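Me: I would like to learn how to read a structure feature by feature, beginning with the way helices cross. Could you give me the general idea each time and then the case at hand?

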Amino acid sequence: MALKEEFEKQGLWLFRYRGVLPVFILFIGFLLFVYTELHPETFFIKNSPYEIYFEMSCLLIGLFGLFIRICVIGFTPKNTSGRTVKNQVADTLNTKGIYSLVRHPLYLGNYFMWLAPAMLSGNFWFVVAFTLSYWLYYERIMYAEEQFLRNKFGLVYEDWANQVPAFIPDFKNFIKADLSFSWKKVVRKEITGIFVLFAIFFAFDYVGVYLKNEEAPNPFLLYSMIFLLIAIAVIKIIKKKTDWLKQENR
């Protein structure tokens, strides 16, 4: 099998299981976090006044990744930029808004989301290994997606791809999105992701408090978790009882 076909085959397989890598990274990162908590001398910030600022900086990085995802989801039409794990879906080719800056903005957002807990481990080499693993993993997925788009949209895709970088944004050619921002779509699709991010940080913080015999976890993370749990419950009720969050034909 030619290398081109092999890359595409690998990418299609990895696309279906692209949720596996974050779980693996999270597990390894958690073990390293526990090790750092038990051996604070391995990370100079541990047990210093700056530790809380480091943790909040990591959270901001994760929220930045979520912000990128929200910018994508809120402005894109139906049946594009989805969470499907079975097959590639693209009724139209997104070329405006954030897609005029970078070809794979969702994966860029995912990188920052998962970089945040990787950094919490306090292990520099783990962060480097995560970044390299993420790139190798998603490079195949991006290749398979681009083959699908090239076959479906032909020269339109080629012209767009020649002007827009794959992963590192280029801001000089920004084109405003045609659609208005849809908060309903963002609430439907991303509220769980926001909860998961805060849940991960809360879990890490709680374990750290337990290992160091401290009195209570970070109250900001605790209250954020409670608020998001209530929000998810309310959203489920709204979706069940009303049509307010019903998917638009856009």
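Reply: For a crossing angle, axes are lines fitted to C-alpha atoms, for helices over the stretch in contact, and the angle between N-to-C directions runs from 0 to 180 degrees. In this model, which is predicted, the axes of helix α5 (residues 124–153) and helix α6 (residues 155–163) come within 6 Å and cross at roughly 130 degrees. Angles over 145 count as roughly antiparallel and 65 to 115 as roughly perpendicular, with the rest, apart from those under 35, as oblique, and α5 is therefore oblique to α6.

Me: Which residues in α5 and α6 meet?

Reply: From α5, the residues E146, L149, R150 and F153 take part, and they meet L155, V156, Y157 and E158 of α6.

Me: What does the secondary structure of the chain come to?

Reply: The chain has eight helices and zero strands, so that is how to read the order of elements from the N terminus on, which runs α-α-α-α-α-α-α-α. Of contacts in the chain between residues at least 6 apart in sequence, 79% join residues at least 24 apart. Buried residues account for 44% of the 250 residues in the chain.

Me: How many aromatic pairs does the structure hold, and how should I read one of them?

Reply: Rings are paired by the distance between their centres, and planes over 60 degrees apart count as edge-to-face. The structure holds 20 aromatic pairs. In the pair of F124 and W125, the ring centres are 5.0 Å apart and the planes stand at 75 degrees, which makes the pair edge-to-face. One aromatic cluster is formed by F64, Y107, Y111, F112, F130, Y134, W135, Y137, Y138 and F167.

Me: Are F124 and W125 buried or exposed?

Reply: A residue counts as exposed when its relative accessible area is over 50%. F124 is exposed because its relative accessibility is 57%, and W125, with a relative accessible area of 63%, is exposed as well.

Me: Where does F174 lie, and which residues does F174 touch?

Reply: F174 lies in the loop between α6 and α7 (183–211), and at 49% relative accessibility it counts as partly exposed. Leaving aside residues up to four places away in sequence, F174 touches G97, I98, S100 and L101. F174 and G97 are 77 residues apart in sequence, yet their C-alpha atoms are 6.8 Å apart in space.

Notes
Residues numbered from 1 in each chain as written. Predicted model: local features only at pLDDT ≥ 70, side-chain atom pairs only at ≥ 80, totals over all residues. Heavy atoms only, no water. Helix = DSSP H or I, 4+ residues; strand = E, 2+ residues; numbered from the N terminus. Contact = heavy atoms within 4.5 Å. Phe/Tyr/Trp six-rings, centres within 6.5 Å; stacked < 30°, edge-to-face > 60°. Buried < 20%, exposed > 50% of the residue type's maximum accessible area, 1.4 Å probe, protein only.
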